[in-house]
Amino acid sequence: MPLDRQRPDGPSLDLRVIAADNVDAPRGVLLLLSGGPGQPAIPTLSHNVDPDVLREYRLVMFDQRGTGAGGLNCPALQETVGGSDFLTPPAAAVDQCAEQLGSNAGYYGTPDTVDDIEQLRQVLKVNRLTLDGTSYGSFTAEQYGLKYPDRVQALVLDSVVPHKGFDPMGVDLMAATSAVLRSACHACTTDPVADLAWLVRHGVSGTDLMEMLSVSSLNSVNPTLNGIPAALHAARNGDDSTLKELIQRTTSKGLPYDELSAGLHMATLCSDLHFPWSGKPNHQTALDDAVRRLEPKRLYPYDVATARAQLMIQGCLRWPAARVSTYPAAQELLPRALILHGSNDLFCPLDWSRWEQAHAKAAQLVVIPGSGHSVQRDPRGRQAVRTFLLH
């Protein structure tokens, strides 16, 4: 693949692709798209697919540009934030990664991946694709569907990132935290939301707490959030040992780059998202103005300092100006889509999936009670996909 499609004779990328050998599968190609951004698909996704689906579709996966063993490796950034969406990145690690990527930093946006998918479709010699994307992969699937609507048979959107994008300060997720925490606290005699708010006000890092809760909500970790309310309450009362252990156990720091590339994560987000300083000459002043406009009640149980400290703000504030991602003007997705969301997801608020359904021509939304992020890891989620794809 060319790094820059305007320079076909310039630098190129080798993207790993794996495809099942049932070339004549009756329902065509099912392309799985991984999350992150920064996660490779080939090592992680195939176990989520129902065996009957594998017989009816030709399964195809590829490691998106910048991911996997041949992907972007920024060691200092990888060690300090790994695959996190929230942890505050050290300035030196951001600068080092940006310097390492140099002029190539702007060629890892979602529109580049969308065109890689279209080139892959042409290589596969099929007219249409069924796309199944989880988390950031749902955003990639949506953008492909908007740009190439005639090339899509159906979409499965799991733990949705809406195609309109989202606020990099994390306001939507902070606003959704209270309902998720309280719904997961069936036998609590105390209020875990009040405990979380107290800890944030008394010096516990809000970004560390967001990281702990979001990673815990993964269906592969602790989607019921078992034990977390008790740990928050104990910490408020002076015993923070369990909370510290939870934070340590769920951190993304040091995650290997071939499992989720921190460099690719930063490069994509800084190209894709709209920031308070976008199009303005003084980035710091624009950020200060945006922070002053934040509504503390909407951030509760977190605070303004948490919003300001997040990876996407502090990392992209320092990231060099590069190509800004542009998207199709269309406002609707394709007619046939399944949207999956776990009620306890603390990476992607449920309202994002509701918004996506409202802005699709015809989409079915399935919310799995007690499930978390990456719903196809839950048997109920896999069954919903099986029904959608085979009937």
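Author: A disulfide here is a pair of cysteine sulfur atoms within 2.5 Å. The model is predicted, with local features needing pLDDT of at least 70 and side-chain atom pairs counting only at pLDDT 80 or more, while totals for chains, interfaces and linings use all residues. Residues are numbered from 1 along each chain as its sequence is written, and side-chain values use heavy atoms, with hydrogens and water left out.

Reader: How many disulfides does a search of the whole structure find, and what is the pairing of the bonded cysteines in sequence order?

Author: The search finds 3 disulfides. Numbered in sequence order along the protein chain, the bonded cysteines pair 1-2, 3-4, 5-6.

Reader: What makes Cys74 and Cys97 a disulfide?

Author: Their S to S distance is 2.1 Å, and the definition asks for sulfur atoms within 2.5 Å. Cys74 is in the loop between strand S3 (58-62) and helix H2 (75-81) and Cys97 in helix H3 (residues 91-101), so the bond ties together parts 23 residues apart in sequence. Helices (H or I, at least four residues) and strands (E, at least two) are DSSP runs, numbered from the N terminus.

Reader: Why is the disulfide of Cys185 and Cys188 called left-handed?

Author: Because the torsion about its S-S bond is about -120°. The S to S distance in this pair is 1.4 Å.

Reader: Why is Cys185 called buried, and why is Cys188 called partly exposed?

Author: Buried means under 20% relative accessible area, exposed over 50%, and partly exposed in between (1.4 Å probe, protein chains only). Cys185 has a relative accessible area of 11%, so Cys185 is buried. Cys188 has 33%, so Cys188 counts as partly exposed.

Reader: How do you know that Cys270 and Cys316 form a disulfide?

Author: Their sulfur atoms are 2.0 Å apart, and the cut-off is 2.5 Å. Cys270 belongs to helix H11 (residues 262-272) and Cys316 to helix H15 (residues 311-318), so placed that the pair links distant parts of the chain, 46 residues apart. The link is left-handed, with -90° about the S-S bond.

Reader: Why do Cys270 and Cys316 count as buried?

Author: Cys270 is at 16% relative accessibility, so Cys270 counts as buried. Cys316 has a relative accessible area of 5%, so Cys316 is buried.
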